[in-house]
Amino acid sequence: MCDEYGLSRPTVRRAVAELVAAELVFTVPQRGTYVAEPTRGDDRQDDAPDA
């Protein structure tokens with residue numbers, strides 16, 4: 001992500017840490033970072049305006 005988006009490593013690490021704290025992603029040591037399944041009541045599509 002650093003190279004692709006031109007960000008510094010500390011910036012990327014801080015952003016990932018915030019996503020982990022918000023339980024939007026989780027990390028697996030030596031495997032990577034993955035998007036978490038939505039939790040009950042965290043279904044973002046319910047907030048979408050009706051079209």
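Me: In what order do the elements of the chain run from the N terminus on?
Reply: This is a predicted model, and the chain in it has 2 helices and 2 strands. Read from the N terminus on, these elements follow the order α-α-β-β.

Me: What share of the 51 residues in the chain is buried?
Reply: A residue counts as buried when its relative accessible area is under 20%. The accessible surface of the chain comes to about 5000 Å², and 51% of that belongs to carbon and sulfur atoms. Of the 51 residues in the chain, the share that is buried is 4%.

Me: How far apart are the end C-alpha atoms of H2?
Reply: Helix H2 takes in residues 9-21, and at 1.5 Å a residue its 13 residues should span 18 Å. The distance in the model agrees with that expectation, because the end C-alpha atoms of H2 are apart by 18 Å.

Me: Which residue's side chain does the side chain of threonine 11 make a polar contact with?
Reply: Threonine 11 has its place in helix H2, and with a relative accessible area of 33% it is partly exposed, because this value falls between the limits of 20% and 50%. Its side chain makes a polar contact at 2.9 Å, and the partner is the side chain of serine 8.

Me: Over how many bridges do strands E1 and E2 pair?
Reply: Strand E1 holds residues 25-28 and strand E2 holds residues 32-35, and the two pair in the antiparallel sense. Within this pairing, valine 25 stands opposite valine 35 in E2, while threonine 27 stands opposite threonine 33 in E2. The number of bridges over which E1 and E2 pair is 4.

Me: Which residue in the turn between E1 and E2 has a positive phi?
Reply: E1 and E2 form a hairpin with 3 residues between them. In the turn there is a residue with a phi of about 65°, a positive value in a residue other than glycine. That residue is glutamine 30.

Me: Is glutamine 30 buried or exposed?
Reply: Glutamine 30 is found in the loop between E1 and E2. Its relative accessibility is 83%, and a residue passes the cut-off at over 50%, so glutamine 30 counts as exposed.

Terms used: Residues numbered from 1 in each chain as written. Predicted model: local features only at pLDDT ≥ 70, side-chain atom pairs only at ≥ 80, totals over all residues. Heavy atoms only, no water. Pairing = 2+ DSSP bridges. Buried < 20%, exposed > 50% of the residue type's maximum accessible area, 1.4 Å probe, protein only. Polar contact = N/O pair within 3.5 Å; in protein donor to acceptor, adjacent residues only side chain to side chain. Areas by Shrake-Rupley, 256 points an atom, 1.4 Å probe, with all protein chains shown as cover. Expected span 1.5 Å × (residues − 1).
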